[in-house]
Amino acid sequence: MMDIVRNALHCSVCILAAHAVSHMLLAPCADTTIWFSMHVIVNLAIVWYAFPSIVLVFRDDPHIAVPHPVDHDYTPLLLAILLHLYHCVLFRISNDDRFHHVMFALVMGVPSLMYANDAVNAMLFSISGLPGAIIYTVIVLRRFGLTHISEPRVSMVVNLLLRTPLVVWINAAYLSTPTFSRPPTLIVFTQVFLSTSNAFGYSLQALVRARRGMRKK
């Protein structure tokens with residue numbers, strides 16, 4: 001428990017630092033741009049800390065579902081939970097965004113923290129880590145006129161060819177592990193259902209946005 005508390009404090013400092021750096025670099029910009037920059041920084045941190053877990057999934061390690069393995073790194077999950085809650089408190093967001101954040105942080109985040117394992121970290125690498133870092137980097141660069149790459153097209157490619165395939169593959173590996181080593185069935189179902197729904201939902205949304213952009217041209 002103390003490890004989780006210390007890790008949560010460390011992640012809170014990281015998020016505050018990401019906000020401070022983004023604000024200093026992008027002070028004249030809108031809050032949304034500062035938020036996107038924060039997201040890039042935190043998502044890259046999630047990628048860094050979750051990378052060992054996704055390597056275990058690539059290796060088809062049967063222990064990826066074992067809750068609280070020795071020396072488990074809670075950083076990716078805590079960063080994701082705290083970042084979503086931080087967004088709700090410090091930024092003006094829509095009710096839909098607030099619902100999404102609370103759903104992620106509480107309904108999926110808390111049970112995943114109670115039964116933390118490498119499969120969860122790998123999911124975070126694939127759901128928010130690498131895809132989010134790529135998409136939000138493009139958004140920030142576009143707002144500064146540093147690139148003319150179409151963000152909707154990038155989102156479509158990232159969601160269809162990276163996020164969704166990785167999430168499906170990781171969940172398949174998760175469900176193929178020995179039953180006795182996994183968290184309770186309801187927890188696993190919630191994690192698999194919500195992560196898969198998230199991936200397919202964002203893929204569909206990205207596809208619709210990209211097609212609208214093509215029609216306007």
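Predicted model: local features only at pLDDT ≥ 70, side-chain atom pairs only at ≥ 80, totals over all residues.
Some ground rules before we start: local features need pLDDT of at least 70 and side-chain atom pairs count only at pLDDT 80 or more, while totals for chains, interfaces and linings use all residues. Residues are numbered from 1 along each chain as its sequence is written, and side-chain values use heavy atoms, with hydrogens and water left out.

**Spaces**

On a 1 Å grid over the protein atoms alone, a cavity is a set of points where a 1.4 Å probe fits but cannot get out, whereas a pocket is an open set with protein on both sides within 12 Å along at least five of seven lines; lining residues have an atom within 4 Å of a point. Points are joined across faces, edges and corners, and a volume is the space filled by probe spheres set on them. In the class column, Ala, Val, Leu, Ile, Met, Phe, Trp, Tyr, Cys and Pro count as nonpolar, Asp, Glu, Lys and Arg as charged, and the others, Gly among them, as polar.

| Space | Volume | Lining by class |
|---|---|---|
| Largest pocket | about 830 Å³ | 11 nonpolar, 14 polar, seven charged |
| Second largest pocket | about 240 Å³ | seven nonpolar, three polar, no charged |
| Largest cavity | about 50 Å³ | seven nonpolar, two polar, no charged |

The largest pocket takes up about 830 Å³. Its lining runs to 32 residues, and Phe36, His39, Asp97, Tyr136 and Tyr202 sit closest to the centre. Helices here are DSSP runs (H or I, at least four residues), numbered from the N terminus. Helix 2 (31-58), helix 3 (75-90), helix 4, helix 5, helix 6 (151-175) and helix 7 (185-216) each put at least two residues into that lining.

For the second largest pocket, helix 4 and helix 7 each supply at least two lining residues; the lining includes Phe99, His100, Phe193 and Tyr202.

There's one cavity of 30 Å³ or more. Among the residues lining the largest cavity are Leu77, Phe104, Met108 and Ile127, and the elements giving two or more residues are helix 4 (95-114) and helix 5 (118-143).

**The salt bridge**

A search of the whole structure turns up one salt bridge (a side-chain nitrogen of Lys or Arg within 4 Å of a carboxyl oxygen of Asp or Glu). The partners are glutamate 151 and arginine 209, with their closest N and O atoms 2.4 Å apart. This pair ties together distant parts of the chain, with glutamate 151 in helix 6 and arginine 209 in helix 7, 58 residues apart.
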